[in-house]
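Grab a pencil and let's work through a few exercises together. Try each task yourself before you read its solution.

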Amino acid sequence: MDSIECPDCKHQGTPHLWHYQPFFLGKIRYQKTQHQCRICGSVMYESGGQITGFGWLCLIALAYLLGVYFLQRAFPGLGLNLGNVFNPIINIFIFGLLFLSVRKLIQFLRRNNRKPPPKH
């Protein structure tokens, strides 16, 4: 592997690889790899994490549900009387995604805001 310069400490070397699942469900996105500096521990760059085929199907289903929901709200004369079924499902799904996204954001910020150890 080639040597890479760390943007924080300017050390030239091979990065340490840290593999993790980036989202709340492992089947939605592929595994991500953080390339970290061996000296200061900062993230040099990330690779991977693309959306899987199952993830695209989930996004399409979510777009469909939201589309029906907003069409029902915007044009009540169309006769889309699906609110009794879709309203609770969409609300639970949206708040669940919001909660999990905020939780992952907090974990990401905690992991990447580490300070380097003091120099002796």
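This is a predicted model: local features need pLDDT of at least 70, side-chain atom pairs count only at pLDDT 80 or more; totals for chains, interfaces and linings use all residues.

Residues are numbered from 1 along each chain as its sequence is written, and side-chain values use heavy atoms, with hydrogens and water left out.

**Exercise 1.** Work out how many disulfides the structure holds.

*Solution.* 
- Start with the rule: a disulfide is a pair of cysteine sulfur atoms within 2.5 Å.
- Now check Cys9: its closest cysteine sulfur is in Cys37, 3.6 Å away, so that pair is too far apart for a bond.
- Next comes Cys40, whose closest cysteine sulfur, in Cys6, is 3.6 Å off and therefore also too far for a bond.
- The count for the structure is zero disulfides.

**Exercise 2.** Decide whether Ser42 is buried or exposed, and list what it touches.

*Solution.* 
- Buried means under 20% relative accessible area, exposed over 50%, and partly exposed in between (1.4 Å probe, protein chains only).
- Ser42 has 14% relative accessibility, so it counts as buried.
- Leaving out residues up to four places away in sequence, Ser42 touches Cys6, Asp8, His35, Gln36 and Cys37 (contact means heavy atoms within 4.5 Å).

**Exercise 3.** Classify Cys9 and Ile106 by accessibility.

*Solution.* 
- Cys9 comes out at 31%, so call it partly exposed.
- Ile106, at 39%, is partly exposed.
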